[in-house]
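Subject: Model handover

Hello,

Here is the model for your files. My notes follow below it.

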Protein chains: 2
Amino acid sequence: MSRAANPRAAEQLSAAVWDVLAHQGLEHLTIRAVAAAAGCTTGLVMHRFPNRRALLRHARELLHERTRLRVEALEEAAGSPREALRAVLAQGLASTEAGTLESVVWIGFLAATVGDPELLELHRINTRAWRRRILRLVAATAPSWSADQVSTAALVLMGMAEGAAALASADPETYSPELQEAALDRTLTALGLS
Amino acid sequence: MSRAANPRAAEQLSAAVWDVLAHQGLEHLTIRAVAAAAGCTTGLVMHRFPNRRALLRHARELLHERTRLRVEALEEAAGSPREALRAVLAQGLASTEAGTLESVVWIGFLAATVGDPELLELHRINTRAWRRRILRLVAATAPSWSADQVSTAALVLMGMAEGAAALASADPETYSPELQEAALDRTLTALGLS
DNA sequence: CCGTTACCGTAACATCCGTTACGTGACCAT
DNA sequence: ATGGTCACGTAACGGATGTTACGGTAACGG
């Protein structure tokens with residue numbers, strides 16, 4: 001019938017988007033830069049996606065899906081809701097090279113939501129799903145808590161993890177991996193979740 | 001001698017940078033957009049700053065200075081280190097319209113540090129000064145704590161405040177002002193700082 | 001009142017951007 | 001083998017961008 005397409009092209013282009021976002025920043029996230037990072041030309045990019053924003057949206061969705069899968073595996077491997085909560089939050093820290101890069105990418109996508117309603121909607125949908133996971137794990141770890149207590153503790157944990165990752169990704173010398181993990185453990189202990 | 005210059009031009013241009021960053025995003029932060037927001041032309045912008053990045057740096061420094069002054073006033077008005085700590089952290093939340101916009105601007109500038117070493121250096125210097133303030137207030141509130149305990153608690157508080165503000169600024173319906181303040185108070189109480 | 005100064009606007013420049021049009025050659029069905 | 005078809009590269013286009021050059025004119029000293 002026709003020439004066979006590369007089935008992983010969209011995936012590789014998304015990885016290229018993450019790479020450019022992490023190493024060059026949102027301001028240099030151009031079609032040409034993405035194509036260069038993916039080792040192809042702008043022709044392929046525009047053949048797979050109708051426009052630049054659709055490329056960003058696909059890369060955003062795929063990143064959300066990847067972290068969701070990783071987190072589900074962590075949760076499944078954990079022996080208890082308490083252990084799952086800790087593992088799920090720890091994977092979002094900038095305590096590894098990969099975690100640092102992912103945090104930079106996260107900030108880039110968040111900055112890109114300003115002025116892009118569809119990207120903002122994607123952020124909200126996926127972050128709300130993430131929040132429901134934390135709510136569920138907190139409620140399972142502290143069954144006696146009220147809904148308000150669970151909700152408040154979840155925001156403390158989510159905010160602390162995302163905030164510490166953002167701070168550490170921009171200044172890894174000041175916020176070592178050990179310090180970040182200590183802060184997470186301190187938060188969990190102080191809240192009575194460890 | 002010569003025609004008098006507008007002494008507040010640099011200040012007004014910085015405010016225009018914040019405005020564009022908050023309402024249009026980093027991707028649309030162009031010289032022309034800033035000039036339009038400031039009600040002038042690109043000629044004035046380039047007359048006051050040698051290039052675009054110098055404009056961004058000045059706007060960044062001025063924003064840091066403004067928040068520093070505001071925070072110093074809050075600290076002075078507070079009756080105790082404990083009250084000062086709470087007030088200083090609360091002003092960074094996205095619990096008001098102004099706080100939400102400032103959080104969006106903060107994220108925009110953070111995303112702009114990728115690939116701009118001078119902007120990154122500015123971020124580090126000023127965020128480290130901010131951290132020293134929190135360290136001092138935590139140490140004053142809990143004099144018996146070790147340096148490690150103070151350092152860990154400071155990261156918990158900074159991360160929680162910045163992270164909650166980032167989350168809330170992108171989804172204010174999910175994270176109400178009351179929820180954010182409750183999360184801050186819960187963190188302070190859980191750590192034994194209230 | 002007037003000449004000088006430089007603030008600021010206007011307009012152009014080269015470059016880069018997203019997007020489109022078209023060519024080509026690899027692969028599949030026949 | 002071979003013809004057709006689509007994946008992908010090449011290259012161009014209009015528009016936007018950062019930056020530069022230049023002109024007018026408001027404001028100050030005299």
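Start with helix α9(A), residues 177-191. At 1.5 Å a residue, its 15 residues should span 21 Å, and the end C-alpha atoms are 21 Å apart, which agrees. The expected span is 1.5 Å times one less than the number of residues. Helices (H or I, at least four residues) and strands (E, at least two) are DSSP runs, numbered from the N terminus.

Two points on provenance. This is a predicted model: local features need pLDDT of at least 70, side-chain atom pairs count only at pLDDT 80 or more, and totals for chains, interfaces and linings use all residues. Residues are numbered from 1 along each chain as its sequence is written, chains are lettered from A and ligands numbered from 1 in the order in which they are written, and side-chain values use heavy atoms, with hydrogens and water left out.

Back to α9(A). Its buried residues are L179(A), Q180(A), A183(A), L184(A), R186(A), T187(A), L188(A) and L191(A). Buried means under 20% relative accessible area, exposed over 50%, partly exposed in between (1.4 Å probe, protein chains only). They pack against α5 and α8 of chain A, together with α7, α8 and α9 of chain B. Contact here means heavy atoms within 4.5 Å. G192(A) follows the helix, with a positive phi near 80°.

Chain A as a whole:
- It has 9 helices and 0 strands.
- The C-alpha trace spans about 60 × 40 × 30 Å along its principal axes.
- Of its 194 residues, 52% count as buried.
- Among contacts between residues at least 6 apart in sequence, 69% join residues at least 24 apart.

Next, helix α4(A), residues 52-77. Its 26 residues should span 38 Å at 1.5 Å a residue, and the end C-alpha atoms are 38 Å apart, which agrees. Buried residues include A59(A), L62(A), T67(A), V71(A) and E75(A). The cover over the buried residues of α4(A) includes α1, α2, α3, α5, α6 and α7 of chain A. At the start of α4(A), a side-chain oxygen of N51(A) reaches to within 3.4 Å of the backbone nitrogen of R53(A).

One residue of α1(A) deserves a look. S14(A) sits in that helix, residues 9-23. S14(A) is buried, at 0% relative accessible area. Its side chain makes a polar contact with the side chain of H58(A), at 2.9 Å. A polar contact is a pair of N or O atoms within 3.5 Å; within protein, one must be able to donate a hydrogen and the other to accept it, and residues adjacent in sequence count only if both atoms are side-chain atoms. Beyond its neighbours within four places in sequence, S14(A) is in contact with H58(A), A59(A) and L62(A).

Now DNA strand C. Of the 24 residues around it, R32(A), R52(A), R3(B), T41(B) and R48(B) come nearest. Near means that a heavy atom of the residue lies within 4 Å. α3(B) gives the most, with 5 residues.

Best regards
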